[in-house]
Amino acid sequence: MNIPSFSYDEKALTLLPKRPEQSHKGTFGRVLCVCGSVGMSGAAYFAAKAAYRMGAGLVRILTPEENRTILQTLLPEAIVTAYDSAAPDPSVIEEAEAWADVLVIGCGLGVTPASRHLLSRLLRATKKPTVLDADALNLLARNPSLLKYAQGAILTPHPLELSRLTGQTPEELLADTERAAYDFAKTHGLVCVLKEHRTAVSDGVRVYRNKSGNSGMATGGAGDVLAGILGGLWAQMRGDDCDPLTVASLGVYIHGLCGDVAAQRLGEYSVMASDLIDALPVVLR
């Protein structure tokens, strides 16, 4: 079976939502980043700042109390809501979920019993657009019964994370990344972003083949930046006519363009995750 596929060139940026002159913070959406754990505040920072740079109106970080000071210092524009890392208060989780238009869950979240409880409670409660990355995927692999609550979400695994979710080896997945993304998306009713040097994105109907990006993006935090870009973009493209495959594929393309801009400026050896965020205004402008 041939899977219908497509790619983008720079004309794809015309798909970005228009920003009306008469607007306010709420016009451009509220993103909740459920990210970070003790010693992993950077992942939350990258995701939240990328969501803001992508154009979201408001970004809130739900993170352990230990991260409060550093995140409020690094990103004062973000709202920081903290919880007890050993036992998150259900009322805090519920209030944060109710506030959000889009959720980004998993960057640096950890795989503790508390983070599992947090993920489970959010997935069961929310019907809102959700991006699941990093430790959210590792928790799903350890608790596969939760996958049914991820229908309609965008999942962003790299080959090892998808291997844990499917039972296939990374080598089997890498042999045909488009088929792997397509099959996983179709089986679970979601959008799969299989991150590789040529990322494949599928909703189980079509596959997007990404052509932007370079080896400089193989660096810690780059995936957190992508998750934030997807959240910020989805916050602005909400509504019945919004296609999650378009959000995911356009976000991946923009993320790769940021890598290309950063590599042109710094060289592929020297690109860091923060450079991808710094390149977003150049790409979007």
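**Pockets, sheet and cysteines of the predicted model**

Helix α9 gives the most to the lining of the largest pocket, contributing four residues. When the lining of the largest pocket is divided by residue class, 14 residues are polar, seven are nonpolar and six are charged.

The second largest pocket has a volume of about 270 Å³, and of the 18 residues that line this second pocket, Lys 127, Lys 128, Pro 129, Gln 151 and Gly 152 are the closest to its centre. Helix α4, which covers residues 113-125, and strand β6 each supply at least two residues of the lining of the second largest pocket. By class, this lining holds eight nonpolar residues, together with five polar and five charged ones.

Strand β6 also belongs to an open sheet of ten strands, arranged in the order β1-β10-β9-β8-β7-β6-β5-β2-β3-β4 with mixed pairing. The edges of the sheet are formed by β1, at residues 5-6, and by β4, at residues 79-83, each of which pairs on one side only. Within the sheet, β6 (residues 130-132) pairs with β7 (residues 154-155) in the parallel sense, over two bridges, and in this pairing Val 131 of the structure is placed opposite Ile 154 in β7.

With regard to the cysteines, a search of the whole structure finds zero disulfides. Cys 192 is accordingly in no disulfide, the nearest cysteine sulfur being that of Cys 107, at a distance of 16 Å. Cys 192 counts as buried, because its relative accessibility is 0%. For Cys 242, the closest cysteine sulfur is that of Cys 33, and because the two sulfurs are 17 Å apart, they are too far from one another for a bond. Cys 242 likewise counts as buried, since its relative accessibility of 18% falls under the 20% cut-off.

Note on methods: Residues are numbered from 1 along each chain as its sequence is written. This is a predicted model: local features need pLDDT of at least 70, side-chain atom pairs count only at pLDDT 80 or more; totals for chains, interfaces and linings use all residues. Side-chain values use heavy atoms; hydrogens and water are left out. Two strands pair if DSSP finds at least two bridges between them. A disulfide is a pair of cysteine sulfur atoms within 2.5 Å. Buried means under 20% relative accessible area, exposed over 50%, partly exposed in between (1.4 Å probe, protein chains only). Ala, Val, Leu, Ile, Met, Phe, Trp, Tyr, Cys and Pro count as nonpolar, Asp, Glu, Lys and Arg as charged, and the others, Gly among them, as polar. On a 1 Å grid over the protein atoms alone, a cavity is a set of points where a 1.4 Å probe fits but cannot get out, and a pocket is an open set with protein on both sides within 12 Å along at least five of seven lines; lining residues have an atom within 4 Å of a point. Grid points are joined across faces, edges and corners, and a volume is the space filled by probe spheres set on the points.
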